[in-house]
Amino acid sequence: MLVAVLSLLPKAAPVVDFPQSDKVAHCLAYAWLACLAASAWSGRAASVRVWAVLALGIGLEFAQTFVPGRFFSLLDMGANALGVVLGWWLGMRMADRLHRLLGR
């Protein structure tokens, strides 16, 4: 919900400002969402939820065309997708490590 709200608010001043800082923010936000999905569920359930996170990133990027001060960006969409891939990988590794620690 937080990612959706922040994505659809009119453009605000960035908290940090360096070249491509918004791409880093996109990547981190979607990595966090995908990591949660991949580590909280397993197998097909995790895959479906991670794909839903990717669809959210794509959909919100299109929705930004209707928000004052926001615009559609393929680079932002790419940063979202990269974040999803990284988060999925990290979430699966975390879940696997937890299962091994618990002896499952």
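Asn 80 touches His 26, Tyr 30, Gly 57 and Glu 61, leaving aside residues up to four places away in sequence. This is a predicted model, and in it Asn 80 is found in helix α4. With a relative accessibility of 2%, Asn 80 counts as buried. Beyond that spot, the structure holds 3 salt bridges, and a search of the whole structure turns up 2 aromatic pairs.

**Around Asn 80**

- One of the neighbours of Asn 80 is His 26, and here the two side chains make a polar contact at 2.8 Å.
- Tyr 30, Gly 57 and Glu 61 are also among the residues that Asn 80 touches.
- Is Asn 80 buried or exposed? Asn 80 is buried, because its relative accessibility of 2% falls under the 20% cut-off.

**The salt-bridge network**

- Which residues are linked in a network of salt bridges? They are Asp 22, Lys 23 and Asp 76.
- On one side, the side chains of Lys 23 and Asp 22 meet in a salt bridge, 2.9 Å from N to O.
- Lys 23 also forms a salt bridge with Asp 76, where the closest N and O atoms are 2.9 Å apart.
- As for burial, Asp 76 has a relative accessible area of 6%, so it is buried.
- Lys 23 is buried too, at 17%, whereas Asp 22 is partly exposed at 27%.

- Asp 96 pairs up with Arg 100 in a salt bridge, and the closest N and O atoms are 3.2 Å apart.
- Where do Asp 96 and Arg 100 lie? Both are in helix α4, 4 residues apart, which is about one turn of the helix.
- Asp 96 counts as partly exposed, with 41% relative accessibility.
- Arg 100 comes out at 55% relative accessibility and counts as exposed; the reason is that exposed means over 50%.

**Aromatic rings**

- The search of the whole structure for aromatic pairs finds 2, and one of them brings together Trp 51 and Trp 88, with ring centres 6.2 Å apart.
- The planes of Trp 51 and Trp 88 sit at 80 degrees, so this pair is edge-to-face; the cut-off for that label is over 60 degrees.
- Trp 51 lies in helix α3 (residues 43–63) and Trp 88 in helix α4, so the pair ties together parts 37 residues apart in sequence.
- Trp 51 counts as exposed at 52% relative accessibility, while Trp 88 counts as partly exposed at 21%.
- Over at Trp 41, the charged end of Arg 49 sits over the ring, 4.1 Å from its centre.

**Confidence**

- The protein chain has a mean pLDDT of 89, and 95% of its residues reach 70 or more.

Terms used
Residues numbered from 1 in each chain as written. Heavy atoms only, no water. Salt bridge = Lys/Arg side-chain N within 4 Å of Asp/Glu carboxyl O. Buried < 20%, exposed > 50% of the residue type's maximum accessible area, 1.4 Å probe, protein only. Helix = DSSP H or I, 4+ residues; strand = E, 2+ residues; numbered from the N terminus. Phe/Tyr/Trp six-rings, centres within 6.5 Å; stacked < 30°, edge-to-face > 60°. Lys NZ or Arg CZ within 6 Å of the ring centre and 35° of its normal. Polar contact = N/O pair within 3.5 Å; in protein donor to acceptor, adjacent residues only side chain to side chain. Contact = heavy atoms within 4.5 Å. pLDDT = per-residue confidence, 0-100.
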